Amino acid sequence: MKRIDAVVLGATGYVGGELLRLLHAHPVFRLAAAVSGSRSGEAIGNMFPHLAAAYPRVLFANPCSWVDDIDRGIDLALFSAAPHGASADAVASALEAAAKRDLNVHVVDSSADFRFSDVGDFERIYGIKHPKPRLLKEFFCALPEHEPNSPAAHAGHPGCFATAMLLASVPLSATGLTESTLFVTGVTGSTGSGKNPQDGTHHPERHSNLYAYKPLSHRHVPEVERLIEKATTHRIAVNFVPQSGPFARGIYVIVQAKLIDTSHADDIRSTFDEQYADCEFVNVIEGIPRLKDVVASNYAQIGVVVKDDTVVVMCAIDNLVKGAAGGAIQWMNRLWSLPESSGLLTSPPAWT
Ligand SMILES: NC(=O)c1ccc[n+]([C@@H]2O[C@H](COP(=O)([O-])OP(=O)(O)OC[C@H]3O[C@@H](n4cnc5c(N)ncnc54)[C@H](OP(=O)(O)O)[C@@H]3O)[C@@H](O)[C@H]2O)c1
């Protein structure tokens, strides 16, 4: 079977680790370099003991020299799981190095650096200068479920909260039956904040605790509003209250809206069924989604309840898989014309 070399930038982080885990089971992508600025030369198993058996004797590669070990002229799947503001630089350096070896590259980036086509939007929302604005035109951003094509050579994956919000909001907004404001709450597990503990995200703060943060001002909101409009042509305002949950993995989002026309309320559920009928990873269920039924997998569950003039849509995903590493592999599969579900069909373990 054809093999394609895969390289992971930011490979020592939570998303990077998930990419390594998922790539090990992938039928076509083969890990060629797990790149790390801080731990190059160290064994992957030192950083990730759960991956020691998958990658015995494999060492993290140096950002400046990983390309030397890649054969000339081959295909390369380049994933970046570096932080926003750093990822674009890391990707640009990797593309330059790849060009010198005539590599044929597709990139999927998990950070925010390639989610906005307008550099001004990125700089206003993230408060930093975009490191590589010229690269933006080579990227598109969407969930695979909402974009049937691949409009550019490289993809920026939406964020983890954004993934759950979009899965729930795009079909709802597409009905045109709701008022133009969606009220959204979302609970995320602690891996959503990355591997470095901070005051508000450290285990003693989050364990046995639940609290909202950044109500109505989370930076994923503009990204979600733009992508809803792109997918549906409807301008929707998202009032979002994120919350920190006392668990490591998973995101649970609840979207509520008022119906402007209750005579077609039955259409809402059928719109969801139709939107996701051919989407292998999105299950629109009859009951209530539960985190344990999706965690550690690329699957999403959606539940829809309509009562009188109110609609509620619930969506559960794994933040590290569907919201980052799995979603990135889903795009990479498509960019390389592989079946979109390649390497991603493992069921959730449920009892985590
Ligand atoms: N955690 C989630 O649930 C989630 C979901 C969706 C998207 N994301 C996005 O995915 C990316 C990774 O998230 P994460 O949670 O895995 O973060 P993380 O645990 O903090 O890991 C980030 C990794 O990036 C590397 N890095 C740091 N500075 C770098 C630089 N200047 N250049 C290149 N690499 C650098 C670090 O590895 P080295 O220092 O060893 O190189 C680090 O291991 C972020 O952009 C995040 O916003 C995260």
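## Close-up views of a predicted model

View 1. The centres of domain 1 and domain 2 lie 28 Å apart, taken over C-alpha atoms. This is a predicted model: local features need pLDDT of at least 70, side-chain atom pairs count only at pLDDT 80 or more, and totals for chains, interfaces and linings use all residues. Residue numbers start from 1 along each chain as its sequence is written. The domain assignment gives domain 1 as 4-141 and domain 2 as 160-318. Such bounds come from an automatic or database domain assignment.

**View 2. Where the domains touch.** Six residues of domain 1 are in contact with six residues of domain 2. Contact requires C-beta atoms, placed from the backbone, within 7 Å. On the domain 1 side, helix 4 (residues 119-126) gives the most, with three residues. Helices (H or I, at least four residues) and strands (E, at least two) are DSSP runs, numbered from the N terminus. The domain 1 side that touches domain 2 divides into three nonpolar, one polar and two charged residues. Here Ala, Val, Leu, Ile, Met, Phe, Trp, Tyr, Cys and Pro count as nonpolar; Asp, Glu, Lys and Arg count as charged; the others, Gly among them, count as polar.

View 3. Six strands pair in parallel, in the order 2-1-3-4-6-5. Strand 2 (29-35) and strand 5 (139-141) stand at the edges with a single partner strand each, so one side of each is left without a neighbour in the sheet. The twist averages 25° from one strand to the next. Two strands pair if DSSP finds at least two bridges between them.

**View 4. Strands 4 and 6, with helix 9 across them.** Strand 4 (residues 104-109) and strand 6 (residues 154-156) pair in the parallel sense over two bridges. Valine 108 stands opposite alanine 155 in strand 6. Helix 9 (residues 321-335) lies across strand 3 (75-80), strand 4 and strand 6. Helix 9 runs at about 155° to strand 4. Axes are lines fitted to C-alpha atoms, for helices over the stretch in contact, and angles run from 0 to 180 degrees between N-to-C directions.

**View 5. The shell around the ligand.** The ligand is surrounded by 31 residues. The closest are Gly10, Gly13, Ala86, Ser111 and Gly194. A residue counts as near if its C-beta atom, placed from the backbone, lies within 6 Å. Helix 1 (14-24), helix 3 (87-100) and helix 9 each supply at least two shell residues. Helix 1 has the largest share, three residues. The shell divides into 11 nonpolar, 18 polar and two charged residues. Domain 1 and domain 2 each contribute at least three residues to the shell.

Key. Contact = placed C-beta atoms within 7 Å.
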